[in-house]
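Here is a friendly set of notes to read alongside the structure. Each point takes up one place worth a look.

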Amino acid sequence: PVTAGSSVADLHALLRAARVPGPYLLVGHSFGGLIARLYASTYPRQVAGLVSVDASTEFNRDLLTPEQYALQEQLGIELDSVPGIDPPLEIADFSASYDQMIRAKAARPLRPTLPMVVLTRGLPQVLPPELSLPPGFPDADTLNRVWRTAQGWLAALVPYARHAIARKSEHYIQTAQPKLVIDSVRRELRMVRPATV
């Protein structure tokens with residue numbers, strides 16, 4: 001399984017090998033949002049802004065009981081092998097990635113002036129009906145409430161972050177409401193370009 005830390009190392013090596021100069025505006029969806037934020041903590045001078053698209057956060061784990069999180073993590077592993085999931089999921093070690101993010105956040109928090117947009121799904125996430133949920137698994141209302149709270153905490157990491165709810169979207173905001181993502185990227189570019197020139 002990959003971690004956010006290994007993905008940050010891969011991204012950094014790729015950008016250096018391709019000779020793509022920074023600073024970068026990073027846009028990350030789901031696990032990619034965690035990678036983008038960890039990159040910003042690891043290489044703060046290389047990141048001019050962040051757009052977080054319904055990103056995973058370590059707060060999701062904090063808002064569940066240890067038993068609930070263990071069941072959710074087990075289901076996440078099972079989701080990787082469910083036929084028909086589109087797009088196919090790469091296996092990621094979320095717990096290790098959350099631990100990496102917590103350490104990085106303590107060592108080097110995001111700078112308060114970092115331009116950041118947090119886009120959060122507005123429609124509840126629905127689990128595939130063919131999944132059999134183990135006893136004690138948190139119900140859909142709990143999972144959706146935890147996700148919304150975690151997204152609010154994510155936006156609160158930077159004082160001037162913009163938090164927008166994608167009212168017509170589930171998790172894949174870039175598919176259901178692409179204009180919202182595009183407009184957020186353009187807004188960030190307008191903010192970061194004068195500072196980076």
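1. Start with the contact of H1 with H2. On the H1 side, Ala4, Gly5, Ser7, Val8, Leu11, His12 and Leu15 take part, and they meet Phe31, Leu34, Ile35, Leu38, Tyr39 and Thr42 of H2. By class, the residues of this contact come to nine nonpolar, four polar and no charged. Please keep in mind throughout that this is a predicted model.

2. How do the axes of H1 and H2 cross? They come within 9 Å and cross at roughly 70 degrees. An angle from 65 to 115 degrees counts as roughly perpendicular, and H1 and H2 are therefore roughly perpendicular to each other. Their crossing is right-handed.

3. H2 also meets H5. Phe31, Leu34, Arg37, Leu38 and Ser41 are the H2 residues in this contact, and on the H5 side you will find Phe94, Ser97, Tyr98, Gln100, Met101, Ala104 and Lys105. The contact of H2 with H5 has seven nonpolar, three polar and two charged residues.

4. The crossing of H2 and H5 is left-handed.

5. Now for the charged side chains. How many salt bridges does the structure hold? There are six. In one of them, the side chains of Glu58 and Arg37 meet, with N to O at 2.4 Å. Glu58 lies in the loop between strand S2 (47-53) and helix H3 (59-62), while Arg37 is in helix H2 (residues 31-42), so this pair ties together parts that are 21 residues apart in sequence. Both Glu58 and Arg37 are buried.

6. Glu58 has a further salt bridge, with Lys105, at 2.6 Å from N to O. This pair links distant parts of the chain, 47 residues apart: Glu58 is in the loop between S2 and H3, and Lys105 is in helix H5 (residues 94-107).

7. Asp54 deserves a stop of its own. Asp54 forms a salt bridge with Arg121, in which the closest N and O atoms are 3.1 Å apart. Because Asp54 lies in the loop between S2 and H3 and Arg121 in strand S3 (residues 116-121), the pair ties together parts that are 67 residues apart in sequence. Both Asp54 and Arg121 are buried, and the relative accessibility of Asp54 is 0%.

8. Asp54 has a backbone feature to check as well. Most residues other than glycine have a negative phi. Phi of Asp54, however, is near 45 degrees, a positive value. Arg19 also has a positive phi, near 55 degrees. Which loop holds Arg19? Arg19 is found in the loop between H1 and S1. With a relative accessibility of 74%, Arg19 counts as exposed.

9. Most peptide bonds are trans. A cis peptide bond joins Gly22 and Pro23, with omega at about 0 degrees. Pro23 has its place in the loop between helix H1 (4-17) and strand S1 (24-29).

10. Finally, return to the loop between S2 and H3, where Thr57 is found. Thr57 is buried, with a relative accessible area of 0%. Which residues is Thr57 in contact with, leaving aside its neighbours within four places in sequence? They are Leu34, Arg37, Tyr98, Ala150, Gln151 and Leu154. Of these, Leu34 and Arg37 also take part in the contact of H2 with H5, as does Tyr98.

Notes: Residues are numbered from 1 along each chain as its sequence is written. This is a predicted model: local features need pLDDT of at least 70, side-chain atom pairs count only at pLDDT 80 or more; totals for chains, interfaces and linings use all residues. Side-chain values use heavy atoms; hydrogens and water are left out. A salt bridge is a side-chain nitrogen of Lys or Arg within 4 Å of a carboxyl oxygen of Asp or Glu. Helices (H or I, at least four residues) and strands (E, at least two) are DSSP runs, numbered from the N terminus. Buried means under 20% relative accessible area, exposed over 50%, partly exposed in between (1.4 Å probe, protein chains only). Contact means heavy atoms within 4.5 Å. Axes are lines fitted to C-alpha atoms, for helices over the stretch in contact, and angles run from 0 to 180 degrees between N-to-C directions. Angles under 35 degrees count as roughly parallel, over 145 as roughly antiparallel, 65 to 115 as roughly perpendicular and the rest as oblique. A crossing is left-handed if the near helix is turned anticlockwise from the far one by less than a right angle, and right-handed if clockwise. Ala, Val, Leu, Ile, Met, Phe, Trp, Tyr, Cys and Pro count as nonpolar, Asp, Glu, Lys and Arg as charged, and the others, Gly among them, as polar.
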